[in-house]
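This report looks at a ligand and the space around it. The sequence and structure come first, and the report follows.

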Amino acid sequence: MAEGNPRGPNILITGTPGTGKTTLGSEVSQRVGFNYINVGDVAKQHDLYDGWDDKYQCPVLDEDRVIDELEEVMSSGRNVVDYHGCDFFPERWFDIVIVLRTNNHELYERLEKRGYSGKKLEENIQCEIFQTILDEAREAYKPEIVHEVPSNTPDEMEDNLDKISAWVHEWNISH
Ligand code: DAT
C-alpha cells in the first residue's frame, strides 16, 4: 500500500443524465468487485434534499448531508459512485473520474424514452452540448485523473468497461 493513500481506489462515473452512468457503473462494480453507489438513490432513500431545481426539474441535493452520509464508506475505498454532478464531492475521495459523453441525437432518444419532455428534456440536451459536466470535472479534479469517454453504443460501453477494469488492475499492482 502506498503511504498516504492506504485505501482502495474510488471511481466516479459522471455525465449528463442518460449518458449511461448507471449501466456502466453497475457493470463495472460487479466486474471489479467494488461497491456501487448511486448518489440519486442514496438521496432518495435518506431524503437528503434541499429544495427544487426549476431548470432541470428535479430535487436539489442537500450536498453536505450527502457527503456526511457517504464519508465512511468512501474512506474505505473500492467504490464506484454514479452521479450527474461532481464538483461538490471532496476532491480527495476520487482516484479516477470518468465523464461519459453521448451525441445529441442518441441522448435525445434515450431521455425521451425515459419520459423526459419539454423544458426538462431541452435543458439536459443543452447540458451535454455545452459539456457542462466535463468542464465541472476538469475544474474540480486534477486533469490527469479526468477521462472523457464516448458512450453512444454498446461497443463503446464494453470498451469503457474494459478500460476501467484494466485501470483497477494497474492500480492494484502499483499500490
Ligand atoms: P444515466 O445513469 O447516465 O442516466 P443509464 O445508464 O440509465 O444513464 O442509460 C440510459 C439508457 O441508455 C438506458 O436505456 C441504457 C442506455 N445506454 C446507456 N449506455 C449506452 C451505450 N453506451 N450504448 C447504448 N445504450 C446505452
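## A backbone contact

Which atom of Asn-152 lies 3.5 Å from a nitrogen atom of the ligand? A backbone N or O atom of Asn-152 does. The model is predicted.

A polar side-chain atom of Thr-23 is 2.5 Å from a ligand oxygen atom.

## The shell around the ligand

The ligand is surrounded by 15 residues. Gly-18, Lys-21, Thr-22, Thr-23 and Arg-114 are the closest. Sorted by class, the shell has 9 polar residues, 3 nonpolar residues and 3 charged residues.

α1 and α7 each give at least two residues to the shell. The largest share comes from α1, with 3 residues.

## The pocket that holds the ligand

Where does the ligand sit? The space it takes is the largest pocket. This pocket contains about 1,100 Å³ of space.

The lining of the largest pocket is made of 41 residues. Nearest the pocket centre are Pro-17, Lys-21, Tyr-83, His-84 and Tyr-116. Lys-21 is also one of the residues closest to the ligand.

## What lines the pocket

Helices and strands both contribute to the lining of the largest pocket. The helices that give two or more residues are α1 (21-32), α2 (39-46), α5 (118-129), α6 (132-140) and α7 (154-174). The strands that do so are β3 (49-53) and β4 (58-61). Of these elements, α1 and α7 also supply at least two residues each to the ligand shell.

For the shell around the ligand, the counts are 3 nonpolar, 9 polar and 3 charged.

Conventions: Residues numbered from 1 in each chain as written. Predicted model: local features only at pLDDT ≥ 70, side-chain atom pairs only at ≥ 80, totals over all residues. Heavy atoms only, no water. 1 Å grid on protein atoms, 1.4 Å probe; cavity = no way out; pocket = protein on both sides within 12 Å on 5 of 7 lines; lining within 4 Å. Points joined across faces, edges and corners; volume = space filled by probe spheres on them. Helix = DSSP H or I, 4+ residues; strand = E, 2+ residues; numbered from the N terminus. Near = heavy atom within 4 Å. Polar contact = N/O pair within 3.5 Å; in protein donor to acceptor, adjacent residues only side chain to side chain. Sits in = over half its atoms within 2 Å of the grid points. Nonpolar A, V, L, I, M, F, W, Y, C, P; charged D, E, K, R; others polar.
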